[in-house]
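Here are a few friendly notes to read alongside the model. Take the points in order, with the structure open beside you.

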Amino acid sequence: MSDTAAGPVGERVFVDKQSPKAYHALVETAEAVRATAADAGLDRMLVELINLRVSQINGCAYCLNVHTRAALRAGETTQRLGVLAAWRDTEVFTARERAALTLAEATTEPANAVLQESAYDAARRLLSDDEISAVIWVAITINAFNRVSVMSKHPVRAIPQQ
């Protein structure tokens with residue numbers, strides 16, 4: 001079958017494999033964003049919380065799997081990971097983390113102007129310009145990876161317990 005022929009109905013194209021140059025550019029962007037976040041003083045746990053919260057909103061099982069493991073490696077607790085989807089109803093996140101999560105959610109849902117304004121106001125009170133920029137870039141980047149994985153239907157397989 002040629003590249004122009006239609007594939008089997010119901011089968012997904014792994015766009016990262018089909019278009020490796022584009023995917024590699026996204027990976028390079030992610031590496032630059034990771035460095036930007038570190039330079040801004042965002043710790044790895046906060047970056048992973050942002051990655052996870054955005055992936056929850058987008059329903060990306062693959063990225064949730066990857067970033068849960070990364071958050072645990074960075075020292076995040078199972079309690080905080082377990083309540084992240086309802087973070088507003090807890091007292092386990094700091095004011096700075098809450099501001100970053102709100103800003104990441106607003107970045108993920110940019111058409112919600114009310115959320116965007118309140119998120120930016122909260123971020124302005126608690127985060128530096130460098131931190132605000134880094135949070136937004138982290139959210140933009142994980143949103144892109146979420147779309148790659150969701151549209152490709154990247155599988156999540158069980159990991160054997162050790």
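1. How many nonpolar, polar and charged residues does the lining of the largest pocket have? The lining has 15 nonpolar, 5 polar and 8 charged residues. Here Ala, Val, Leu, Ile, Met, Phe, Trp, Tyr, Cys and Pro count as nonpolar, Asp, Glu, Lys and Arg as charged, and the others, Gly among them, as polar.

2. Before going on, please note that this is a predicted model, where local features need pLDDT of at least 70, side-chain atom pairs count only at pLDDT 80 or more, and totals for chains, interfaces and linings use all residues. Residues are numbered from 1 along each chain as its sequence is written, and side-chain values use heavy atoms, with hydrogens and water left out.

3. Just after H3, look for Gly 59, which takes a positive phi of about 65°.

4. Arg 53 sits in H3. Is Arg 53 buried or exposed? Its relative accessible area is 12%, so Arg 53 is buried (under 20% is buried, over 50% exposed, partly exposed in between, with a 1.4 Å probe and protein chains only).

5. Which residues does Arg 53 touch, not counting those up to four places away in sequence? They are Leu 84, Ala 85, Trp 87, Leu 101 and Glu 105, where contact means heavy atoms within 4.5 Å.

Key. Helices (H or I, at least four residues) and strands (E, at least two) are DSSP runs, numbered from the N terminus.
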